[in-house]
Amino acid sequence: ASIDRVTNKIRPIPSGAVEDRLYSEVGAAFFFASILLSAIVFPKGALLLFLYQSIAWSYSAPPFRLKRFPVVATSVSALASLLVLFIGYMSISRDQTLEGLPASLLWLFFFSYAIALPLKDFKDIEGDRRDGVWTLPVLLGVQRSKLLIGTGIFLSFLTSVSVFRSQALFLPALLFGGASFWAIIAMKEKTGRITYRSVFGWMLA
């Protein structure tokens with residue numbers, strides 16, 4: 001919340017639109033509802049969803065607040081993102097297991113998540129710095145972080161060619177990987193076509 005008061009003032013709690021207690025109560029209600037309803041249709045998915053929420057809590061809330069530690073934070077976030085992938089895959093898998101999911105694909109996704117997730121930290125640089133959260137942009141600075149993340153995402157596109165074992169993917173990987181690299185390098189804090197907040201839309205496209 002202290003970070004949001006610096007860089008995300010329009011959010012419900014920092015702006016005063018919603019009280020902390022009400023926000024917590026609504027969040028808890030939706031959390032338990034999501035676990036209960038998912039357990040009815042897919043018990044294994046409910047367990048993974050509970051694990052995801054536990055990791056998310058450890059990432060952002062005391063006493064652990066793992067987001068303060070650069071390498072740990074990205075690894076934990078990547079693991080949580082993989083759990084979402086597991087839920088989707090197991091829900092359509094014939095035996096509801098991960099047996100048919102190649103390890104090479106999992107490593108590709110883990111690396112891609114780990115290198116791309118710090119993009120969300122650019123919009124919170126000042127708040128993170130004041131709150132002692134050592135994200136990549138805080139530690140390395142904006143330009144170096146852009147270069148590192150952009151290069152990592154570009155390499156993840158190229159690596160996908162060998163993971164999927166299809167040479168036909170090389171040109172698309174080169175094209176979209178290069179476009180992603182350019183979007184990250186070109187993004188600005190507030191002005192311009194690509195900003196710290198709009199870059200996610202460009203990346204999805």
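Two or more lining residues of the second largest pocket come from each of H6, helix H9 (142-163), helix H10 (170-186) and helix H11 (199-204); helices here are DSSP runs of H or I with at least four residues, numbered from the N terminus. H10 supplies the largest share of this lining, seven residues. The space in the second largest pocket is about 820 Å³. By class, its lining holds 22 nonpolar, four polar and one charged residues, where Ala, Val, Leu, Ile, Met, Phe, Trp, Tyr, Cys and Pro count as nonpolar, Asp, Glu, Lys and Arg as charged, and the others, Gly among them, as polar.

The model is predicted: local features need pLDDT of at least 70 and side-chain atom pairs pLDDT 80 or more, whereas totals for chains, interfaces and linings use all residues. Residues are numbered from 1 along each chain as its sequence is written, and side-chain values use heavy atoms, with hydrogens and water left out.

A pocket is an open set of points on a 1 Å grid over the protein atoms alone, where a 1.4 Å probe fits, with protein on both sides within 12 Å along at least five of seven lines; lining residues have an atom within 4 Å of a point. A volume is the space filled by probe spheres set on the points, which are joined across faces, edges and corners. For the largest pocket this space is about 1700 Å³. Its lining comprises 47 residues, with Ala-56, Tyr-59, Ser-60, Ala-61 and Lys-67 nearest the centre. The elements giving two or more residues to that lining are helix H2 (12-15), helix H3 (20-41), helix H4 (43-60), H5 and helix H6 (103-116). H5 gives the most, with nine residues. The lining of the largest pocket divides into 27 nonpolar, ten polar and ten charged residues.

Helix H5 (residues 70-92) also contains Ser-77. Ser-77 counts as buried because its relative accessibility is 13%, the limits being under 20% for buried, over 50% for exposed and in between for partly exposed, with a 1.4 Å probe and protein chains only. A polar atom of the Ser-77 side chain lies 2.9 Å from the backbone oxygen of Ala-73. Apart from neighbours within four places in sequence, Ser-77 is in contact (heavy atoms within 4.5 Å) with Tyr-59 and Leu-117.

The structure contains five aromatic pairs, a pair being rings of Phe, Tyr or Trp (its six-membered ring) with centres within 6.5 Å; planes under 30 degrees apart are stacked, over 60 edge-to-face and the rest tilted. The rings of Phe-122 and Tyr-196 form a tilted pair, because their centres are 5.5 Å apart and their planes stand at 45 degrees. This pair links distant parts of the chain, 74 residues apart: Phe-122 lies in the loop between H6 and helix H7 (125-131), and Tyr-196 in the loop between H10 and H11. Phe-122 is buried, at 2% relative accessible area, and Tyr-196 is buried at 7%. Elsewhere, Phe-31, Phe-32 and Phe-50 form one aromatic cluster.

The loop between H10 and H11 also holds Ser-198. Ser-198 is partly exposed, with a relative accessible area of 26%. Its side chain reaches the backbone nitrogen of Thr-195 at 2.8 Å. The C-alpha atoms of Ser-198 and Lys-188 are separated by 9.6 Å, the two residues being ten apart along the chain.

Methods: A polar contact is a pair of N or O atoms within 3.5 Å; within protein, one must be able to donate a hydrogen and the other to accept it, and residues adjacent in sequence count only if both atoms are side-chain atoms.
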